[in-house]
Amino acid sequence: MLVARNSEGELLKIPIPLHYLYVFIAGALIGMLTITGMAGSYTRMLLKTQRFNELRNEKEALKSRYTQLEQIAQENQLQAQSLSSLAGEVSTLYGLKPDPVFQKDAPDFASMQQFYALKTTAMNGSAYIGMAMEDSRNASTSDWLRAAAAPTLWPVEGLVTGHFGERNDPFSGREGAFHRGVDISTAYGTPVIAPANGVVRYADLMNGYGRSVLIDHGNSITTLYGHLSGFAVTTGQTIRRGDTIGYIGSSGRSTGPHLHYEVRIGNTPVNPNKYLRFTLSQQIASGAM
(Lines give C-alpha, C1' and ligand atoms only; values in the text may rest on other atoms or scores of the structure.)
Protein backbone atom coordinates (compact mmCIF):
# COMPACT_ATOMS: atom_id res chain seq x y z
CA MET A 1 0.00 0.00 0.00
CA LEU A 2 1.47 3.35 -1.05
CA VAL A 3 0.89 6.49 1.04
CA ALA A 4 1.88 10.03 -0.07
CA ARG A 5 4.07 11.66 2.57
CA ASN A 6 4.51 15.27 1.33
CA SER A 7 3.94 17.74 -1.46
CA GLU A 8 7.02 16.57 -3.35
CA GLY A 9 5.28 13.29 -4.00
CA GLU A 10 7.46 11.10 -1.95
CA LEU A 11 5.70 7.88 -1.23
CA LEU A 12 5.78 5.62 1.74
CA LYS A 13 5.44 1.99 0.90
CA ILE A 14 3.73 -0.11 3.55
CA PRO A 15 3.70 -3.85 2.88
CA ILE A 16 0.49 -5.75 4.00
CA PRO A 17 0.60 -9.55 4.14
CA LEU A 18 -2.04 -11.25 1.94
CA HIS A 19 -3.40 -13.41 4.75
CA TYR A 20 -4.58 -10.19 6.53
CA LEU A 21 -6.85 -9.53 3.56
CA TYR A 22 -8.29 -13.03 3.84
CA VAL A 23 -8.89 -12.51 7.55
CA PHE A 24 -10.65 -9.18 6.84
CA ILE A 25 -12.87 -10.71 4.17
CA ALA A 26 -13.73 -13.68 6.40
CA GLY A 27 -14.56 -11.34 9.28
CA ALA A 28 -16.75 -9.25 7.03
CA LEU A 29 -18.64 -12.33 5.84
CA ILE A 30 -19.06 -13.62 9.40
CA GLY A 31 -20.32 -10.20 10.49
CA MET A 32 -22.85 -10.05 7.66
CA LEU A 33 -24.10 -13.56 8.42
CA THR A 34 -24.34 -12.72 12.13
CA ILE A 35 -26.28 -9.52 11.47
CA THR A 36 -28.57 -11.36 8.99
CA GLY A 37 -29.20 -14.12 11.52
CA MET A 38 -29.96 -11.64 14.29
CA ALA A 39 -32.33 -9.72 11.99
CA GLY A 40 -34.11 -12.98 11.04
CA SER A 41 -34.43 -14.00 14.69
CA TYR A 42 -35.80 -10.59 15.59
CA THR A 43 -38.31 -10.76 12.74
CA ARG A 44 -39.48 -14.23 13.85
CA MET A 45 -39.80 -12.99 17.41
CA LEU A 46 -41.94 -10.07 16.24
CA LEU A 47 -44.18 -12.44 14.24
CA LYS A 48 -44.54 -14.80 17.22
CA THR A 49 -45.34 -11.87 19.50
CA GLN A 50 -47.97 -10.61 17.04
CA ARG A 51 -49.53 -14.09 16.78
CA PHE A 52 -49.51 -14.42 20.57
CA ASN A 53 -51.31 -11.08 20.89
CA GLU A 54 -53.87 -12.16 18.29
CA LEU A 55 -54.51 -15.45 20.11
CA ARG A 56 -54.83 -13.60 23.42
CA ASN A 57 -57.36 -11.20 21.89
CA GLU A 58 -59.30 -14.13 20.38
CA LYS A 59 -59.30 -15.83 23.77
CA GLU A 60 -60.70 -12.71 25.43
CA ALA A 61 -63.34 -12.36 22.69
CA LEU A 62 -64.36 -16.02 23.03
CA LYS A 63 -64.51 -15.68 26.80
CA SER A 64 -66.76 -12.63 26.47
CA ARG A 65 -68.94 -14.41 23.84
CA TYR A 66 -69.21 -17.49 26.06
CA THR A 67 -70.37 -15.32 28.97
CA GLN A 68 -73.02 -13.71 26.73
CA LEU A 69 -74.20 -17.10 25.43
CA GLU A 70 -74.37 -18.42 28.98
CA GLN A 71 -76.61 -15.49 29.95
CA ILE A 72 -78.77 -16.03 26.84
CA ALA A 73 -79.05 -19.75 27.63
CA GLN A 74 -80.19 -18.97 31.15
CA GLU A 75 -82.75 -16.46 29.85
CA ASN A 76 -83.98 -18.96 27.23
CA GLN A 77 -84.30 -21.66 29.86
CA LEU A 78 -86.33 -19.33 32.05
CA GLN A 79 -88.48 -18.34 29.06
CA ALA A 80 -88.97 -21.98 28.10
CA GLN A 81 -90.13 -22.79 31.62
CA SER A 82 -92.55 -19.85 31.54
CA LEU A 83 -93.90 -20.82 28.11
CA SER A 84 -94.20 -24.44 29.21
CA SER A 85 -96.24 -23.35 32.21
CA LEU A 86 -98.37 -21.09 29.99
CA ALA A 87 -99.00 -23.92 27.51
CA GLY A 88 -100.14 -26.16 30.34
CA GLU A 89 -102.49 -23.46 31.67
CA VAL A 90 -103.99 -22.77 28.23
CA SER A 91 -104.41 -26.47 27.50
CA THR A 92 -106.15 -26.96 30.85
CA LEU A 93 -108.34 -23.89 30.27
CA TYR A 94 -109.63 -25.17 26.93
CA GLY A 95 -109.66 -28.82 27.93
CA LEU A 96 -107.05 -29.81 25.36
CA LYS A 97 -105.70 -33.30 25.73
CA PRO A 98 -101.93 -33.76 25.19
CA ASP A 99 -101.06 -34.33 21.55
CA PRO A 100 -99.78 -37.93 21.21
CA VAL A 101 -97.05 -36.92 18.78
CA PHE A 102 -95.49 -34.68 21.45
CA GLN A 103 -95.44 -37.30 24.19
CA LYS A 104 -92.52 -39.10 22.59
CA ASP A 105 -90.29 -36.22 23.62
CA ALA A 106 -89.08 -34.98 26.99
CA PRO A 107 -91.90 -33.39 29.06
CA ASP A 108 -90.46 -29.86 28.92
CA PHE A 109 -89.82 -30.08 25.19
CA ALA A 110 -93.28 -31.56 24.65
CA SER A 111 -94.81 -28.61 26.52
CA MET A 112 -92.87 -26.21 24.30
CA GLN A 113 -94.11 -28.01 21.21
CA GLN A 114 -97.63 -27.77 22.61
CA PHE A 115 -97.15 -24.02 23.13
CA TYR A 116 -95.95 -23.40 19.57
CA ALA A 117 -98.77 -25.59 18.24
CA LEU A 118 -101.23 -23.42 20.19
CA LYS A 119 -99.60 -20.30 18.74
CA THR A 120 -99.84 -21.68 15.20
CA THR A 121 -103.49 -22.70 15.53
CA ALA A 122 -104.34 -19.29 16.99
CA MET A 123 -102.68 -17.41 14.14
CA ASN A 124 -104.12 -19.46 11.26
CA GLY A 125 -107.64 -19.61 12.68
CA SER A 126 -107.59 -23.32 13.50
CA ALA A 127 -108.16 -22.60 17.20
CA TYR A 128 -111.38 -20.71 16.43
CA ILE A 129 -112.63 -23.62 14.36
CA GLY A 130 -111.41 -26.23 16.85
CA MET A 131 -113.09 -24.61 19.85
CA ALA A 132 -116.38 -24.63 17.94
CA MET A 133 -116.16 -28.39 17.45
CA GLU A 134 -118.38 -30.77 19.30
CA ASP A 135 -116.46 -32.41 22.19
CA SER A 136 -113.74 -29.77 21.72
CA ARG A 137 -112.63 -30.21 25.35
CA ASN A 138 -111.42 -33.71 24.48
CA ALA A 139 -109.56 -32.55 21.35
CA SER A 140 -105.86 -31.91 20.72
CA THR A 141 -104.21 -29.25 18.57
CA SER A 142 -103.85 -31.90 15.85
CA ASP A 143 -107.63 -32.34 15.98
CA TRP A 144 -108.00 -28.58 15.61
CA LEU A 145 -105.76 -28.57 12.53
CA ARG A 146 -107.71 -31.45 10.97
CA ALA A 147 -110.96 -29.62 11.67
CA ALA A 148 -109.60 -26.47 10.04
CA ALA A 149 -108.63 -28.49 6.96
CA ALA A 150 -112.15 -29.96 6.72
CA PRO A 151 -114.88 -28.22 4.64
CA THR A 152 -116.38 -26.27 7.58
CA LEU A 153 -117.60 -23.19 5.67
CA TRP A 154 -121.06 -22.83 4.21
CA PRO A 155 -120.51 -22.84 0.43
CA VAL A 156 -123.33 -20.31 0.12
CA GLU A 157 -125.63 -18.60 2.62
CA GLY A 158 -129.29 -19.39 2.16
CA LEU A 159 -132.29 -21.44 3.26
CA VAL A 160 -131.88 -25.22 3.49
CA THR A 161 -134.80 -26.57 1.47
CA GLY A 162 -133.67 -30.18 1.13
CA HIS A 163 -132.06 -32.30 3.84
CA PHE A 164 -129.75 -35.30 3.75
CA GLY A 165 -131.35 -38.75 3.82
CA GLU A 166 -134.73 -40.13 2.81
CA ARG A 167 -137.30 -37.78 1.29
CA ASN A 168 -140.05 -37.69 -1.31
CA ASP A 169 -138.77 -37.28 -4.86
CA PRO A 170 -139.60 -33.67 -5.88
CA PHE A 171 -140.44 -34.76 -9.43
CA SER A 172 -142.21 -38.12 -9.07
CA GLY A 173 -143.36 -37.78 -5.48
CA ARG A 174 -141.99 -41.25 -4.76
CA GLU A 175 -141.39 -41.90 -1.09
CA GLY A 176 -138.10 -43.22 0.24
CA ALA A 177 -135.87 -41.47 -2.29
CA PHE A 178 -132.38 -40.96 -0.89
CA HIS A 179 -130.98 -37.43 -0.99
CA ARG A 180 -127.16 -37.49 -0.92
CA GLY A 181 -126.66 -33.92 0.25
CA VAL A 182 -128.46 -30.74 1.21
CA ASP A 183 -130.17 -28.17 -1.00
CA ILE A 184 -129.45 -24.53 -0.17
CA SER A 185 -131.77 -22.05 -1.86
CA THR A 186 -130.62 -18.52 -2.71
CA ALA A 187 -130.68 -16.00 -5.57
CA TYR A 188 -129.65 -17.01 -9.07
CA GLY A 189 -126.02 -16.12 -9.82
CA THR A 190 -124.90 -15.96 -6.17
CA PRO A 191 -121.20 -16.93 -5.89
CA VAL A 192 -120.48 -20.39 -4.43
CA ILE A 193 -117.27 -20.57 -2.36
CA ALA A 194 -114.89 -23.38 -1.46
CA PRO A 195 -115.43 -24.44 2.19
CA ALA A 196 -111.77 -25.53 2.54
CA ASN A 197 -108.49 -25.74 0.64
CA GLY A 198 -108.36 -28.36 -2.08
CA VAL A 199 -107.91 -29.33 -5.71
CA VAL A 200 -110.67 -29.28 -8.34
CA ARG A 201 -111.09 -32.83 -9.62
CA TYR A 202 -114.10 -32.19 -11.88
CA ALA A 203 -115.75 -29.10 -13.38
CA ASP A 204 -118.21 -30.05 -16.10
CA LEU A 205 -121.70 -31.34 -16.78
CA MET A 206 -122.76 -34.29 -14.60
CA ASN A 207 -125.82 -36.47 -15.16
CA GLY A 208 -128.71 -35.18 -13.04
CA TYR A 209 -126.54 -32.54 -11.33
CA GLY A 210 -126.11 -30.22 -14.32
CA ARG A 211 -123.03 -28.04 -14.14
CA SER A 212 -121.06 -29.48 -11.23
CA VAL A 213 -117.75 -29.07 -9.42
CA LEU A 214 -116.00 -31.78 -7.38
CA ILE A 215 -113.22 -30.71 -4.97
CA ASP A 216 -110.71 -32.99 -3.25
CA HIS A 217 -109.78 -31.66 0.21
CA GLY A 218 -107.40 -34.46 1.15
CA ASN A 219 -107.84 -37.01 3.94
CA SER A 220 -110.35 -38.82 1.63
CA ILE A 221 -112.80 -35.88 1.90
CA THR A 222 -114.43 -34.49 -1.27
CA THR A 223 -117.30 -32.03 -1.81
CA LEU A 224 -119.72 -31.82 -4.73
CA TYR A 225 -121.61 -28.73 -5.94
CA GLY A 226 -124.51 -29.26 -8.35
CA HIS A 227 -126.98 -27.27 -10.47
CA LEU A 228 -124.54 -24.37 -11.03
CA SER A 229 -125.18 -21.71 -13.65
CA GLY A 230 -121.49 -21.25 -14.42
CA PHE A 231 -117.95 -22.16 -13.41
CA ALA A 232 -115.21 -20.04 -11.82
CA VAL A 233 -112.62 -22.86 -11.70
CA THR A 234 -111.18 -25.51 -13.98
CA THR A 235 -110.20 -29.13 -13.45
CA GLY A 236 -106.81 -29.49 -11.76
CA GLN A 237 -106.89 -26.00 -10.23
CA THR A 238 -105.70 -25.55 -6.64
CA ILE A 239 -108.06 -23.44 -4.56
CA ARG A 240 -108.13 -21.97 -1.07
CA ARG A 241 -110.88 -21.65 1.51
CA GLY A 242 -113.25 -18.85 0.47
CA ASP A 243 -112.39 -18.85 -3.27
CA THR A 244 -115.33 -18.60 -5.66
CA ILE A 245 -115.81 -21.86 -7.57
CA GLY A 246 -119.09 -21.23 -9.40
CA TYR A 247 -122.50 -19.56 -9.32
CA ILE A 248 -125.98 -20.59 -8.19
CA GLY A 249 -128.17 -21.88 -11.00
CA SER A 250 -130.80 -24.42 -11.91
CA SER A 251 -129.02 -26.67 -14.40
CA GLY A 252 -129.66 -30.39 -14.53
CA ARG A 253 -132.57 -32.02 -12.71
CA SER A 254 -133.65 -29.02 -10.66
CA THR A 255 -136.88 -27.33 -9.56
CA GLY A 256 -135.36 -23.86 -9.20
CA PRO A 257 -132.20 -21.90 -8.37
CA HIS A 258 -130.36 -23.60 -5.53
CA LEU A 259 -127.13 -25.39 -4.67
CA HIS A 260 -127.00 -29.14 -4.20
CA TYR A 261 -124.10 -29.67 -1.77
CA GLU A 262 -122.56 -33.03 -0.89
CA VAL A 263 -119.74 -34.08 1.43
CA ARG A 264 -118.17 -37.44 0.70
CA ILE A 265 -115.69 -39.47 2.72
CA GLY A 266 -114.05 -42.16 0.65
CA ASN A 267 -116.69 -41.52 -2.06
CA THR A 268 -119.48 -42.26 0.44
CA PRO A 269 -121.94 -39.37 0.95
CA VAL A 270 -122.24 -38.25 4.60
CA ASN A 271 -124.51 -35.73 6.26
CA PRO A 272 -123.08 -32.26 5.43
CA ASN A 273 -124.77 -30.70 8.49
CA LYS A 274 -121.87 -31.68 10.77
CA TYR A 275 -119.52 -29.69 8.52
CA LEU A 276 -121.70 -26.60 8.01
CA ARG A 277 -120.29 -24.60 10.94
CA PHE A 278 -119.26 -21.13 9.78
CA THR A 279 -120.16 -18.59 7.16
CA LEU A 280 -117.47 -16.69 5.28
CA SER A 281 -118.38 -13.47 7.11
CA GLN A 282 -117.97 -15.21 10.50
CA GLN A 283 -114.54 -16.50 9.51
CA ILE A 284 -113.43 -13.03 8.40
CA ALA A 285 -114.81 -11.37 11.53
CA SER A 286 -112.96 -13.85 13.74
CA GLY A 287 -109.66 -13.11 12.00
CA ALA A 288 -109.34 -16.75 10.92
CA MET A 289 -109.10 -15.71 7.26
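The questions and answers below go through a predicted model, from its confidence to single residues.

Residues are numbered from 1 along each chain as its sequence is written. Local features need pLDDT of at least 70, side-chain atom pairs count only at pLDDT 80 or more, totals for chains, interfaces and linings use all residues, and side-chain values use heavy atoms, with hydrogens and water left out.

Visitor: What is the mean pLDDT of the protein chain?

Guide: pLDDT is the predictor's confidence in each residue, from 0 to 100. In this chain 64% of the residues reach 70 or more. Over residues 101-110 the pLDDT is below 50, and that stretch has nine contacts (heavy atoms within 4.5 Å) beyond near neighbours in sequence. The mean for the protein chain is 78.

Visitor: Is Asp183 buried or exposed?

Guide: Asp183 belongs to strand S6, residues 182-185; strands (E, at least two residues) and helices (H or I, at least four) are DSSP runs numbered from the N terminus. Its contacts, not counting residues up to four places away in sequence, include Leu159, Arg167 and His260. Buried means under 20% relative accessible area, exposed over 50%, and partly exposed in between, with a 1.4 Å probe and protein chains only. At 8%, Asp183 is buried.

Visitor: Which side chain is joined to that of Asp183 by a polar contact of 3.3 Å?

Guide: A polar contact is a pair of N or O atoms within 3.5 Å; within protein, one must be able to donate a hydrogen and the other to accept it, and residues adjacent in sequence count only if both atoms are side-chain atoms. The side chain joined to Asp183 at 3.3 Å is that of His179.

Visitor: Which residues does Thr279 touch, not counting those up to four places away in sequence?

Guide: Thr279 sits in the loop between strand S14 (268-270) and helix H5 (280-286). Its relative accessible area is 14%, so Thr279 is buried. Its side chain also has a polar contact of 3.1 Å with the side chain of Ser281. The residues touched beyond four places are Leu153, Trp154 and Glu157.

Visitor: How many aromatic pairs does the structure hold?

Guide: Rings of Phe, Tyr and Trp (its six-membered ring) pair if their centres lie within 6.5 Å; planes under 30 degrees apart count as stacked, over 60 as edge-to-face and the rest as tilted. The number of aromatic pairs in the structure is two.

Visitor: What kind of aromatic pair do Phe164 and Phe178 form?

Guide: Their centres are 5.4 Å apart, with 75° between the planes, which is edge-to-face. Phe164 lies in the loop between strands S3 (159-162) and S4 (165-167) and Phe178 in strand S5 (residues 177-179), so the pair ties together parts 14 residues apart in sequence. Phe164 is partly exposed at 24%, while Phe178 is exposed at 52%. The kind of pair is edge-to-face.

Visitor: How far apart are the ring centres of Tyr225 and Tyr261?

Guide: The planes of these two rings are at 35°, so the pair is tilted. Tyr225 is in strand S10 (residues 221-231) and Tyr261 in strand S13 (residues 258-265), 36 residues apart. Tyr225 is buried at 0% relative accessibility, and Tyr261 is buried at 0%. The ring centres are 5.4 Å apart.

Visitor: What is the phi of His227?

Guide: Most residues other than glycine have a negative phi. His227, in strand S10, is not a glycine, yet its phi is positive. His227 is buried, with a relative accessible area of 5%. Its phi is about 70°.
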